[in-house]
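Here is my note on the model, written as numbered points. Keep the sequence and the 3D view open as you read.

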Amino acid sequence: MDTTRLKDKVVLVTGASGFTGRHAVQLLRACGAKVAAVTRSLSADLQDDHVTVHLCDLRDRQAVNRLVSHTQPDYILHLAGQNSVPASWADPVSTIEMNVMSPLYLLDAMRTLPECRAVIVGSRLKYIPVPDLPLSPPHPYSLSKYMEELVSMSFSAMYSQQMIYAEPGNLIGPGPSTGICSLLAAHVISAEQGKNPNPFRLSSRDDARDYLDVRDAVWAYLALLLNGEPGRIYPVISGKERTLGEIADVLLSSTKVQVPLLWGSPSSGPGGVSAIEDDSESCASLTKLGWKPEIPFASSIEDVLQDHRHRRSKEGGQA
């Protein structure tokens with residue numbers, strides 16, 4: 001993929017200190033972009049001569065206006081959001097405020113920059129209403145992502161903005177993540193250190209999801225920033241589902257200790273997970289833009305495990 005158009009361009013990245021954000025900042029730096037990294041708190045990982053860190057609460061409309069006016073971005077990659085289902089149950093209003101109003105404030109501020117291109121990153125866990133049936137989102141998080149897509153797509157269309165909407169599935173890879181692969185890897189490391197006698201509870205071995213390496217996802221976002229069609233929704237997925245059993249087997253094959261797991265029974269239905277749209281042509285749209293997944297699934301899992309081992313050893317050295 002040709003990324004020369006990013007050289008010396010200002011790319012505003014929200015959620016820059018998060019799991020995906022850190023990888024995005026690193027890749028954009030490598031492409032020669034001037035990164036305006038937006039975060040709510042300072043992070044040592046973002047300190048770099050080619051990165052300008054901006055502290056901003058994206059729920060503050062005036063603060064977002066000042067941020068965009070000051071940075072004058074050529075591109076915006078919006079990764080910030082509240083992505084925890086349990087947290088969305090505890091505080092649904094804040095979840096909707098963060099996931100719906102923040103991108104809306106960004107798009108509103110972008111109206112002064114008609115040449116600016118933006119990728120708003122949503123989620124494949126969004127709620128999808130079923131025609132002729134009562135509205136029944138499984139949790140506030142899925143509702144917030146449905147609302148985010150609806151508001152972002154509508155606002156962008158009304159003001160003819162260069163906004164592309166990305167929908168990643170389950171992202172895995174090294175870094176601080178609360179995804180199932182990272183949680184299970186942490187459990188494996190605890191078992192290696194003899195710290196967790198209790199089994200890790202999992203649903204059925206047969207439960208399957210699409211898993212994509214976060215580093216491949218970041219490349220997809222760059223492809224969308226450069227070549228995506230404004231006003232279009234792009235699924236960002238590997239195109240191949242993996243079961244929880246497969247994930248556990250790959251992780252357990254990388255350790256010599258016994259790791260206690262507790263499996264649930266196979267579910268007879270969707271179990272409260274949002275309906276997912278047909279993925280038969282999902283990968284083709286991004287492939288046409290010069291992107292495809294490059295990192296093998298087993299390598300991603302191994303990198304997650306090694307990252308946890310590295311971070312745990314650093315914590316032990318600092319004790």
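1. Start with one term. A residue is buried under 20% relative accessible area, exposed over 50%, and partly exposed in between. Now apply that to Y146. Its relative accessible area is 26%, so Y146 is partly exposed. Y127 has 7% relative accessibility, so Y127 counts as buried. Bear in mind throughout that this is a predicted model.

2. Next, the aromatic rings. How many aromatic pairs does the structure hold? There are 2. One of them is formed by Y127 and Y146. Their ring centres are 6.0 Å apart, with 85 degrees between the planes. That pair is edge-to-face. Where do the two partners sit in the chain? Y127 is in the loop between β5 (117-121) and α5 (140-158), while Y146 is in helix α5 itself. They are 19 residues apart, and the pair links distant parts of the chain.

3. F155 has a relative accessible area of 13%, so F155 is buried. Y159 is partly exposed, because its relative accessibility is 41%.

4. R111 lies over the face of the Y159 ring, at 4.6 Å from the ring centre.

5. Now the strands. Look at β2, residues 34-39. Is it mostly covered or mostly open? Mostly covered: 5 of its 6 residues are buried. Strand β1 (residues 10-14) runs parallel to β2, and 5 bridges join them. In this pairing V10 stands opposite K34. The chain gets from β1 to β2 through helix α1 (residues 19-30), and this β-α-β crossover is right-handed. β2 also pairs with strand β3 (residues 51-55). Those two run parallel as well, joined by 5 bridges. Find A37 and you will see V53 of β3 opposite.

6. A reminder on pairing in general. Strands of a sheet pair through backbone hydrogen bonds, either parallel or antiparallel.

7. Which strands make up the open sheet of 3 strands? The order is β7-β9-β11, and the pairing is mixed. β7 (170-172) and β11 (241-243) are the edge strands, so called because each pairs on one side only. The twist averages 55 degrees from one strand to the next. Helix α7 (residues 214-227) packs on this sheet and touches β7 and β9. The direction of α7 makes about 70 degrees with that of β9. β7 and β9 (residues 208-213) pair in the parallel sense over 3 bridges. N170 has Y211 of β9 as its bridge partner.

8. Strand β6 (residues 162-168) deserves a look. It is mostly covered, with 6 of its 7 residues buried. β5 pairs with β6 in the parallel sense, over 5 bridges. I120 stands opposite Y165 in β6. Together β5, α5 and β6 make a right-handed β-α-β unit. β6 is also joined to strand β10 (residues 233-236) by 4 bridges, and these two run parallel. Here E167 stands opposite P235.

9. Finish with Y234, which has its place in strand β10. Is Y234 buried or exposed? Its relative accessible area is 2%, so Y234 is buried. What does Y234 touch, leaving aside its neighbours within four places in sequence? Its contacts include I164, Y165, A166 and E167. L224, G228 and E229 are among them too, as are S285, L286 and L289. For a sense of distance, take V85. Y234 and V85 are 149 residues apart in sequence, and 23 Å apart in space from C-alpha to C-alpha.

Conventions
Residues are numbered from 1 along each chain as its sequence is written. This is a predicted model: local features need pLDDT of at least 70, side-chain atom pairs count only at pLDDT 80 or more; totals for chains, interfaces and linings use all residues. Side-chain values use heavy atoms; hydrogens and water are left out. Rings of Phe, Tyr and Trp (its six-membered ring) pair if their centres lie within 6.5 Å; planes under 30 degrees apart count as stacked, over 60 as edge-to-face and the rest as tilted. Buried means under 20% relative accessible area, exposed over 50%, partly exposed in between (1.4 Å probe, protein chains only). A charge sits over a ring if NZ of Lys or CZ of Arg is within 6 Å of the ring centre and within 35 degrees of the ring normal. A crossover is right-handed if, with the strands pointing away from the viewer, the path from the first strand over the helix to the second runs clockwise. Axes are lines fitted to C-alpha atoms, for helices over the stretch in contact, and angles run from 0 to 180 degrees between N-to-C directions. Contact means heavy atoms within 4.5 Å.
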